[in-house]
Amino acid sequence: MSRTAGIAVTVLLTVLAAWAGWVIATNDVPDALPVGDRVQAAAEALRDSNVYVAPDSADLLTGDELARIEAAASAASPETFVMVWESSSEGGFYLDTEGVRQVGAKLGRPGYYVSIGRDGLTGSVSSDDVGIDADYVSANNFAEGEEVTQQSVAARLTEIIAESDGREFSEGSTTGSAYWGGTGGTIAAGILMGVVAGATLSAIVVAAWFIVRSRNRSRP
């Protein structure tokens, strides 16, 4: 393999790996796949409210708690949308985070989306920014062994909304993963992944070529 050919292979593999890195880094972009009844019901309810409580979780917020969470979520910046529901493998999505993104894409209102509820014998919390670029905020899950009750759900939602409230953000972008620091960070992360992966793949290809060449030369 000539030096020119080696450089060409390195560049090609780097470009391909950079593209793969971009795809991985932007995996939180909401897709346009058909949504299930669960997501549809949540999106419809959130058109007139900031909190949706599914029938399977009606016992997890009292009327007063619901009103307080609703007021805090609607007044937060970025605006917060809450889904209170039990985790389910039959909801039209594999992970609750996917459900959060589907609701956001269906609703079409930029903001911070949070789901909370039971996951078997434990509590489950998932969240994501949809339609905005903002600093990454992680909604921590329930503490190990923490009982999922009206009080615990209301307390976690109060904390989550307060942690997100006041963040600087810009609307109109769904192509940048907040985890990577927005669109610019996502591009940089994708390029970095591509350079590292491309260099590694190129080294493997070159090493394999030298091994084959050496074996061919050693044959009588």
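Okay, some ground rules. Residues are numbered from 1 along each chain as its sequence is written, and side-chain values use heavy atoms, with hydrogens and water left out. Because the model is predicted, local features need pLDDT of at least 70 and side-chain atom pairs count only at pLDDT 80 or more, while totals for chains, interfaces and linings use all residues.

Let's start with the sheet. Helices (H or I, at least four residues) and strands (E, at least two) are DSSP runs, numbered from the N terminus. Two strands pair if DSSP finds at least two bridges between them. Here we have an open sheet of four strands, in the order 1-2-3-4, with mixed pairing. At its edges sit strand 1 (51-53) and strand 4 (122-130), each pairing on one side only. Strand 1 runs parallel to strand 2 (residues 80-84), with three bridges, and V53 has V84 as its bridge partner in strand 2.

Now, helix 4. It covers residues 96-107, and its 12 residues reach 16 Å from first C-alpha to last. Which residues of helix 4 are buried? They are D96, G99, V100, R101, Q102, V103, G104 and L107, where buried means under 20% relative accessible area, with a 1.4 Å probe and protein chains only.

Last stop: D37, in helix 2 (residues 37-45). Why does D37 count as exposed? Because its relative accessibility is 70%, and exposed means over 50%. D37 and G92 are 55 residues apart in sequence, yet 7.8 Å apart in space, C-alpha to C-alpha.

Methods: Contact means heavy atoms within 4.5 Å. Axes are lines fitted to C-alpha atoms, for helices over the stretch in contact, and angles run from 0 to 180 degrees between N-to-C directions. The expected span of a helix is 1.5 Å times one less than its number of residues.
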